[in-house]
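Biologist: Hi! Could you walk me through this one while we both have it open?

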Amino acid sequence: MTSNKKITRQAVSLFHRKIKEAERIAISGHINPDGDCVGACLGLCAYILDLDPKKKVDILLEPISEKFRFLAYADHIMQEKTEEEPYDLYFSLDCSDKERLGAFQELFEEARFTICVDHHISNQGFGDLRFIDADASSTCEILYDILEEKKISFDTAQCLYLGIVHDTGVFKHSNTTRKVMEIAGALIDKGVRPDFIIDETFYKKTYIQNQILGRALMESILLLDGRIIFSAIKKKDMDFYGIESGDLDGVIDQLRVTEGVECALFLYEKTEGQFKVSLRSNGKVDVRKIAEQFGGGGHVKAAGCTVEGNVRDIVNSISPLIDQQLEQGKDV
Ligand SMILES: [Mn+2]
């Protein structure tokens, strides 16, 4: 356990006591599970089963990406409960509110005891026992704070490391603290191979994903003396390549690191005439403010919204707002 002022000793010992007492345990994370969510759910499952292999642990989660399937206990992930009776103990991990548990909200609510572990700033607090720390990089970081370091196996370590890698954008976002690096170091001591986790789950792309990335970059356009860059992928092109929105991960980040660019926009057509717009800032534009004007949201440097119209009209309505902020010349 590393020091975390938001986590009391009593809460931690209750966490461990509840695990000890429970026979049938369920773990859920948010809908559309990402690396931190998957790492937290599988890491906690491995930790509990390492302590006592006789316990029954169900991970109730939407199907996960193939690239996470090598993690231990990935085959414990299910979409239907196996128990008639309510679970003795139910964990909600990386989930900012109960609604984000999706189909599993009801099972969570009827469980005998519930524990919430999360790092989203919007989390208002739910569950019988709560570990909510918006300063933590990831739910996996908070879990590391709670779990007993000497009982963390290689399987658990690998999951926690993966969660931290994904939510820090490979140790790059502003949530990457000294403590994050120290935890990562401790997990490497458990046998985690950073090159393997980072390449396999973060950077690796299929051939088609690389092709679409190349195409998005080739067709990108600079505006406002090169301070804005945008690119767009139409529905018919996505259909042509046979890709889904998840195959476009990383396009916006590559656009953002173009020299001279302050703000990057990437649009893809969700349904005809409706575009998902991703925005990224290099520090002079608060893109959340812009996304909010179009009914979206996010963070200061990374935000998104869904907008109706054609590419030209959408870019023409967003770029003056970026220009306004650039004119003010303030750092966000
Ligand atoms: Mn997270």
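Modeller: Happy to! Let's begin with a salt bridge: D88 pairs with R112, and their closest N and O atoms are 3.1 Å apart. By salt bridge I mean a side-chain nitrogen of Lys or Arg within 4 Å of a carboxyl oxygen of Asp or Glu.

Biologist: Why does that pair tie together separate parts of the chain?

Modeller: D88 sits in the loop between β3 (77–78) and β4, while R112 is in the loop between α3 (105–110) and β5 (114–118), so the contact ties together parts that are 24 residues apart in sequence. Helices (H or I, at least four residues) and strands (E, at least two) are DSSP runs, numbered from the N terminus.

Biologist: Before we go on, what kind of model is this?

Modeller: It's a predicted model, where local features need pLDDT of at least 70 and side-chain atom pairs count only at pLDDT 80 or more, whereas totals for chains, interfaces and linings use all residues. Residues are numbered from 1 along each chain as its sequence is written, and side-chain values use heavy atoms, with hydrogens and water left out.

Biologist: Thanks! Which residues are linked with D88 and R112 in a network?

Modeller: R24 and E85 join D88 and R112 in a network of salt bridges.

Biologist: And how many salt bridges are there in the whole structure?

Modeller: A search finds 21. One of them links K179 and D145, at 2.8 Å from N to O. K179 belongs to helix α6 (residues 178–189) and D145 to helix α4 (residues 139–146), so this pair ties together parts 34 residues apart in sequence.

Biologist: Is D145 buried or exposed?

Modeller: Buried, with a relative accessible area of 0%. K179 counts as partly exposed at 22%. The cut-offs for relative accessible area are under 20% for buried and over 50% for exposed, with partly exposed in between (1.4 Å probe, protein chains only).

Biologist: Switching topic, what about strand β1?

Modeller: β1 covers residues 24–29, and six of its six residues are buried. R24, A26 and S28 point one way, with I25, I27 and G29 pointing the other way.

Biologist: Which strands does β1 pair with?

Modeller: It runs parallel to β2 (residues 56–60), joined by four bridges, and parallel to β4 (residues 89–93) over five bridges. Pairing here takes at least two DSSP bridges between the strands.
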